[in-house]
Amino acid sequence: MDKVTTMRKTIHTVLAAMVLGACNVPHALAHHSAAMFDFTKNTWVSGVVKDIRVINPHMSLTLVVSGDKGTKEVAFEGHSVNNFYREGWRPNMVNVGDRIKVRFNQRKDGVDGGFVNGFVTSGGREIAFHLPGDTTTEPPPATLDAVTPAVGK
């Protein structure tokens, strides 16, 4: 191959990568949008932690929830590790197998799960993000196996 052919192939490869990268930008931006959650009310759910990852850009939590309609896994997402840390969270505070209570904002589309804005550890410690006007400071009385109607569909 001559120099011109090699240069053309390189340019075409770079341009193709740029086009593909540009096509994925809206998906990345949409994923990190919080517009899909209803931040006007808090909901509580209790269950057993199946998976928790408190990392940037945001945490993810899978909770095994039991209720009248059976048991299911519910996926949540939440703030970044920095925000959780400022509120008092520390590594190993919540582990797989722990029974916890989660305060969250439901998804607007009605799908189970939502945006975690607080939780109560199995040891009873609350880690929560309080917005102006938010008067919720602790979960309502309920058993650890209680399911909110929105999650127990």
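In this predicted model, Phe 84 and Val 102 touch the most other members of the largest nonpolar core, which has 21 residues. Such a core is a set of buried Ala, Val, Leu, Ile, Met, Phe, Trp, Tyr and Cys residues joined through side-chain atoms within 4.5 Å. At least two residues of this core come from each of strand E1 (43-53), strand E2 (60-67), E3, H2, strand E4 (99-106) and strand E5 (114-120). Helices (H or I, at least four residues) and strands (E, at least two) are DSSP runs, numbered from the N terminus. Apart from neighbours within four places in sequence, Val 102 is in contact (heavy atoms within 4.5 Å) with Thr 43, Trp 44, Val 45, Leu 61, Leu 63, Val 116, Gly 118 and Phe 119.

Residues are numbered from 1 along each chain as its sequence is written. Local features need pLDDT of at least 70 and side-chain atom pairs pLDDT 80 or more, while totals for chains, interfaces and linings use all residues; side-chain values use heavy atoms, without hydrogens and water.

Most residues other than glycine have a negative phi, and most peptide bonds are trans. The bond from Asn 56 to Pro 57 is cis, with omega near 15°, and Pro 57 lies in the loop between E1 and E2. Asn 56, Pro 57 and His 58 are touched by Ser 80, residues up to four places away in sequence not being counted. Ser 80 belongs to the loop between strand E3 (70-78) and helix H2 (81-86). Ser 80 counts as buried (under 20% relative accessible area) because its relative accessibility is 14%.

In the loop between H2 and E4 lies Asn 92, a residue other than glycine with a positive phi, near 70°. Asn 92 is exposed (over 50%), as its relative accessible area is 62%; values between these limits are termed partly exposed (1.4 Å probe, protein chains only).
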